[in-house]
Amino acid sequence: MAISFHNTYYDDIIENLSKIINDEFSIPVYFDEIKSNSFLLTPDSDDLVEYLSNGIQRDFNVNIIYELKQAGNYNKNDFKQVTNVMERLRRLIFNNSSYGNGSNWFSAKIDTVNYERDEDDPSIFRATALFNCQNIEVV
């Protein structure tokens, strides 16, 4: 007999994260490859926190990459544009630290943001944020 399950990582975490980003920004969100001036969401980890009497508590990490490609020379306005997007993303996650009344996720935060220029194409400036949240799945 086949077991029944719910795809918590995709349905509760990735899909809802994509939705709140799409609702806040006029910047496209992709899952397969990064394109200029877009977000890319990639799953990073899914860790067991603990078994509960009627469920499982898990910790999820998702990489959120934002990339800006500018024609010409990179300057401080490019850096300001990328940091503005990431600061706004941090606030968005703070405002949605508990999503779906906690049934989709809770304790959501942006742990770190790393900034870099692309080594192969210096006109590309990239920021990578680590989104972290927890979920309790009732079984």
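# Briefing: contacts, helices and buried sites

Asn-132 touches Asp-59, Phe-60, Asn-61, Ser-107, Ala-108, Lys-109 and Asp-111, leaving out residues up to four places away in sequence. The model is predicted. The protein has two helices and five strands. Their order along the sequence is α-β-β-β-α-β-β.

**Overall build**

- The C-alpha atoms fill a box of roughly 60 × 30 × 25 Å, taken along the principal axes.
- The protein has 139 residues, and 44% of them count as buried.
- Consider the contacts with a separation of 6 or more: residues 24 or more positions apart account for 60% of them.

- Asn-132 belongs to strand E5, which covers residues 124–138.
- Its relative accessibility is 7%, so Asn-132 counts as buried; the cut-off for buried is under 20%.
- The side chain of Asn-132 makes a polar contact with the side chain of Asp-59, at 3.0 Å.
- Ser-107 is also among the residues that Asn-132 touches.

- Ser-45 sits in strand E2, residues 38–52.
- With 19% relative accessibility, Ser-45 counts as buried, because the cut-off is under 20%.
- The side chains of Ser-45 and Asn-61 are joined by a polar contact of 2.9 Å.
- Beyond its neighbours within four places in sequence, Ser-45 is in contact with Tyr-9, Asp-59, Phe-60 and Asn-61.

**How the helices meet**

- Helix H1 spans residues 8–24, and helix H2 spans residues 76–95.
- The axes of H1 and H2 come within 11 Å. They cross at roughly 125°.
- H1 and H2 are therefore oblique to each other: angles over 145 degrees would count as roughly antiparallel, and 65 to 115 as roughly perpendicular.
- The crossing of H1 past H2 is right-handed.
- On the H1 side, the meeting residues are Leu-17, Ile-20, Ile-21 and Glu-24. On the H2 side, they are Arg-88, Leu-89, Leu-92 and Ile-93.
- By class, the contact of H1 with H2 has six nonpolar residues, two charged residues and no polar ones.

**Val-82, a buried residue of H2**

- Val-82 is placed in helix H2.
- Is Val-82 buried or exposed? Val-82 is buried, because its relative accessible area is 0%.
- Setting aside neighbours within four places in sequence, Val-82 is in contact with Tyr-66, Leu-68, Tyr-115, Phe-125 and Ala-127.
- Val-82 and Tyr-115 are 33 residues apart in sequence. In space they are 8.8 Å apart, C-alpha to C-alpha.

**Positive phi angles**

- Asn-37 is not a glycine, yet it has a positive phi of about 55°.
- Asn-37 lies in the loop between strand E1 (29–30) and E2.
- At 31% relative accessibility, Asn-37 counts as partly exposed.
- Ser-107 also has a positive phi of about 55° and is not a glycine.
- Where is Ser-107 found? Its place is strand E4, residues 106–117.
- Ser-107 counts as partly exposed, because its relative accessibility is 44%.

Key. Residues numbered from 1 in each chain as written. Predicted model: local features only at pLDDT ≥ 70, side-chain atom pairs only at ≥ 80, totals over all residues. Heavy atoms only, no water. Helix = DSSP H or I, 4+ residues; strand = E, 2+ residues; numbered from the N terminus. Buried < 20%, exposed > 50% of the residue type's maximum accessible area, 1.4 Å probe, protein only. Polar contact = N/O pair within 3.5 Å; in protein donor to acceptor, adjacent residues only side chain to side chain. Contact = heavy atoms within 4.5 Å. Axes fitted to C-alpha atoms, helices over the stretch in contact; angles between N-to-C directions. Parallel < 35°, antiparallel > 145°, perpendicular 65-115°, else oblique. Left-handed = near helix turned anticlockwise from the far one by under 90°. Nonpolar A, V, L, I, M, F, W, Y, C, P; charged D, E, K, R; others polar.
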